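Visitor: I would like to go through this model term by term. Please set each label against its cut-off.

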Amino acid sequence: MIAAISSRVEVLKYLESFVAENLSSFLKTVEESWQPADLLPDPRLDNFFDEIKLLRERAKSLSYDLFAVLIGDTITEEALPTYESWLFSITDMPNNPDSAWTKWNRGWTSEENRHGDLLNRYLFLSGRVNMREMEASTQYLIADGFDLQTDMDPYRSFVYTSYQETATQISHRRVAQIAKREGDVVLAKLCGYIAGDEARHAKVYKSFVDKIFEVDPSEMMLAFEDMMRKKIVMPAHYMRELGVEIGQTFGHFTDAAQRIGVYTSHDYVNILEDLIKDWKVEHITGMNEAGEKARDYIMALPNRLKRVAERMKPPQREYKFRWID
Ligand SMILES: [Fe+2]
Ligand SMILES: [Fe+2]
């Protein structure tokens, strides 16, 4: 049994050695990483234009909603500067080259950076996107930032990232499945690669929370409860288009995602159930009264949310995005 640690600074320090020991499995080296260029036509080759023609043919077969979701996903990935700076501003998060935390944060960013690059380039080549409108949305999103309600607390932040990376993994995986069904096997492969990264990242963040539960169970449980009470918001919740009010495009984007089953309110509950199972919330010991109460709230939540999700009807209204002509 590890002695209880009660301050966030100490816990981050304690976790730092865990991060250092496991960094080589948490991240892939540059040498072994895929790059966007591996998955897209090579402009140096004579068959470049033929390849693009094929890419455009395949992209034509994709449904409107799927395309809209793909663009929204891309904009979300492209707002990476917001996420990186957010990670470094978590309270007591070290920012020096020798810290394993810094190595993780930088390494995570370097892997994530490929996601936006890859999707953006695919969309550009597809010929179906009004690139200027999409780029304006990206600029808006980075300028608008986000409000995740984590209060810059490491415990809340790791609950958030555990949730979020899992949600992203699910949505990229589903886009891949639908793309395959609709006849774009290359897009399916490309989203599958991204989903693979997201799955590994989710595992890492979940392991941070696991570790914190070992040494500071009550505070970790309270942080989990607090995040669930506030509800996990998506990082792109301020998404908008030119001439559209802040956050409104995001609503249309999630409607489309819900409509085609890329990410639904059932997924939200499923992720919560998985986290409860992975973190063995039911069996955590050594908590104070407040921690016990927080656990009760969390354990009862999935069933409550399921009832709400069942009552929700899939949104029917189709919206005309400015990103697609
Ligand atoms: Fe990503
Ligand atoms: Fe991610």
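Guide: Start with Asp278 and Lys206, whose side chains meet in a salt bridge (2.8 Å, N to O). The two sit in distant parts of the chain, Asp278 in helix α11 and Lys206 in helix α8, 72 residues apart. This is a predicted model: local features need pLDDT of at least 70, side-chain atom pairs count only at pLDDT 80 or more, and totals for chains, interfaces and linings use all residues. Residues are numbered from 1 along each chain as its sequence is written, chains are lettered from A and ligands numbered from 1 in the order in which they are written, and side-chain values use heavy atoms, with hydrogens and water left out.

Visitor: Why is the contact of Asp278 and Lys206 called a salt bridge?

Guide: The term asks for a side-chain nitrogen of Lys or Arg within 4 Å of a carboxyl oxygen of Asp or Glu. Asp278 and Lys206 meet at 2.8 Å, N to O, so the label holds. The whole structure has 21 salt bridges.

Visitor: What makes Asp278 partly exposed?

Guide: Buried means under 20% relative accessible area, exposed over 50%, and partly exposed in between (1.4 Å probe, protein chains only). Asp278 has 34% relative accessibility, so it counts as partly exposed.

Visitor: Which parts does the salt bridge of Asp267 and Arg174 tie together?

Guide: The side chains of Asp267 and Arg174 meet at 2.8 Å, N to O. Asp267 lies in helix α11 (residues 265-278) and Arg174 in helix α7 (residues 154-181), so the pair ties together parts that are 93 residues apart in sequence. Helices here are DSSP runs (H or I, at least four residues), numbered from the N terminus. Asp267, at 5% relative accessibility, counts as buried. Arg174 has a relative accessible area of 25%, so it is partly exposed.

Visitor: How do you know that Arg295 and Glu292 are about one turn of the helix apart?

Guide: Both lie in helix α12, 3 residues apart. Arg295 has 9% relative accessibility and so counts as buried. Glu292, with 30%, is partly exposed. Elsewhere, salt bridges that share partners join Arg8, Asp151, Asp153, Arg156, Glu219, Asp226 and Lys230 into one network.

Visitor: Why is the aromatic pair of Tyr205 and Phe208 called edge-to-face?

Guide: The structure holds 21 aromatic pairs. In the pair of Tyr205 and Phe208, the rings are 5.6 Å apart centre to centre, with 90 degrees between the planes. Rings of Phe, Tyr and Trp (its six-membered ring) pair if their centres lie within 6.5 Å; planes under 30 degrees apart count as stacked, over 60 as edge-to-face and the rest as tilted. Tyr205 and Phe208 are 3 residues apart in helix α8 (residues 185-215), so about one helical turn separates them. Both are buried. Ring pairs also link them with Phe18, Phe26, Trp101, Trp104 and Phe158 into a cluster.

Visitor: Where is Lys231 found, and is it buried or exposed?

Guide: Lys231 is found in the loop between α9 (217-230) and α10 (248-259). At 51% relative accessibility, Lys231 counts as exposed. Lys231 also has a positive phi, about 75 degrees, although it is not a glycine.
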